[in-house]
Amino acid sequence: MKFDNILVNHQEDIATVTINRPNKLNALNRDTIQELHDAFKALNKDKNVKVIIVTGSGEKAFVAGADIAEFSDFSEKEGAKLSAKGQKLLFDYVENLATPVIAAVNGFALGGGLELAMACHFRVASDNAKMGLPEVSLGVIPGYGGTQRLPQLVGKGRANEMIMTAGMIDAQKALAYGLVNYVVTPEELLPLCNKLAGKITNNSSVAIAYAIKAVNAGFSTDTDGFEKEIKAFGECFGTDDFKEGTTAFLEKRKANFE
Ligand SMILES: C/C=C/C(=O)SCCNC(=O)CCNC(=O)[C@H](O)C(C)(C)COP(=O)(O)OP(=O)(O)OC[C@H]1O[C@@H](n2cnc3c(N)ncnc32)[C@H](O)[C@@H]1OP(=O)(O)O
C-alpha cells in the first residue's frame, strides 16, 4: 500500500507504523487518520504480522495532537462529526484490533497523540517524552476518547488535573502514573518495543486476540461516556472560547478567554 503521511515497515512478524509529518510534529489530519486506519486494517489481516508498533517520525514528537489548522473553523455539527469519525476509524479501531499494538512514545504525545497512545494496548516512552491533553487551552475538550481512557489508565483525580490544567507530564511521572510501562533513552525505545513484541510473538495470536476482547470488555460498561464526549466536543465548536483558542494557536499568541 502507498501512503503519503505514514511509513510502514516489516521486520519478520513485527510491523512498525511511523506517523510521518515531522514538520507538523506528526499532527493527525484527516488523511493521516484514514491512512492509519487502512494500514492497521491491512496489517491485522496479514497473517505474517503478529505485533504492530506505532511511533512518530523525528526526534521531537510522537503526535502533537489533532491538526488544529484543519478544524479551527468547524461548526458544532462538524466538530461532533470529527470526534465520532475519528473515534470509530482509528481510536476504537486500534483498541479493539485483534493484533497487539504497542505505542513507542518518542516525544510530545498531546491531545489526539496521547489519545492514540492510550488506544494502543500498552505504551513505552523515551525519557524526552511529554504527555498531556491540552484541549481546554483551545476552548475544546479531548474528543478522541481521552475523557474516557485517561481516567481508566491513571485514575479520575489525576486525569481531571491533567485535563483541567492542560499541562504536560514528563515520562517519569507518566511511569509513576501507570500511563506508560517503561521509560528508556530515545536510542533504546524501538529496540525495547521490538524486544517486547518478540516476546508476544512467541505466544498464541488467537489467544491474544481473545485476551484483548476480554480485557476491553471489562472497561466497556459505560459506552455512553464516549457518546457524551462526542456531543460535548461538538458543542465546544459553537463557543467563542473555541474560536479564540484555535485562532490564538494559529496566530502564535496566547489565548485571551473572556
Ligand atoms: C480531538 C483531538 C483534539 C486535539 O488533539 S487538539 C490539539 C492538541 N494539541 C495541542 O494543543 C498541541 C499543539 N502544539 C503545541 O502546543 C506546540 O507545537 C508544542 C508545544 C507541541 C511544540 O512547540 P514548538 O517546539 O514551539 O513547535 P511549534 O513551532 O509549535 O510546532 C512546529 C510546527 O508544528 C505545528 N503544529 C504543532 N502541533 C500542531 C497541531 N496539533 N496541529 C497543527 N499544527 C501543529 C506548528 O504549528 C508548527 O508549524 P509551522 O512551523 O508551520 O508554524
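**View 1. Residues around the ligand.** Around the ligand stand 25 residues, and Lys-24, Lys-60, Ala-66, Gly-112 and Lys-252 come nearest (a residue counts if one of its heavy atoms lies within 4 Å). This is a predicted model, in which local features need pLDDT of at least 70 and side-chain atom pairs count only at pLDDT 80 or more, while totals for chains, interfaces and linings use all residues. Residues are numbered from 1 along each chain as its sequence is written, and side-chain values use heavy atoms, leaving out hydrogens and water.

View 2. Polar contacts here are pairs of N or O atoms within 3.5 Å. Look for Lys-24, with a polar side-chain atom 2.6 Å from a ligand oxygen atom. Lys-60 likewise places a polar side-chain atom 2.6 Å from an oxygen atom of the ligand. At Ala-64, a polar backbone atom is 3.0 Å from a ligand nitrogen atom. The protein covers 74% of the 970 Å² of accessible area that the ligand has on its own (Shrake-Rupley method, 1.4 Å probe).

View 3. Six strands with mixed pairing form an open sheet in the order 1-2-3-5-7-10. Strands are DSSP E runs of at least two residues, and helices are H or I runs of at least four, both numbered from the N terminus; two strands pair if DSSP finds at least two bridges between them. Strand 1 (6-11) and strand 10 (182-184) are the edges, each pairing on one side only.

**View 4. Strand 7 beside strand 10.** Strand 7 (residues 122-126) and strand 10 run parallel, joined by three bridges. Here Ser-126 stands opposite Val-184 of strand 10.

Key: Polar contact = N/O pair within 3.5 Å; in protein donor to acceptor, adjacent residues only side chain to side chain.
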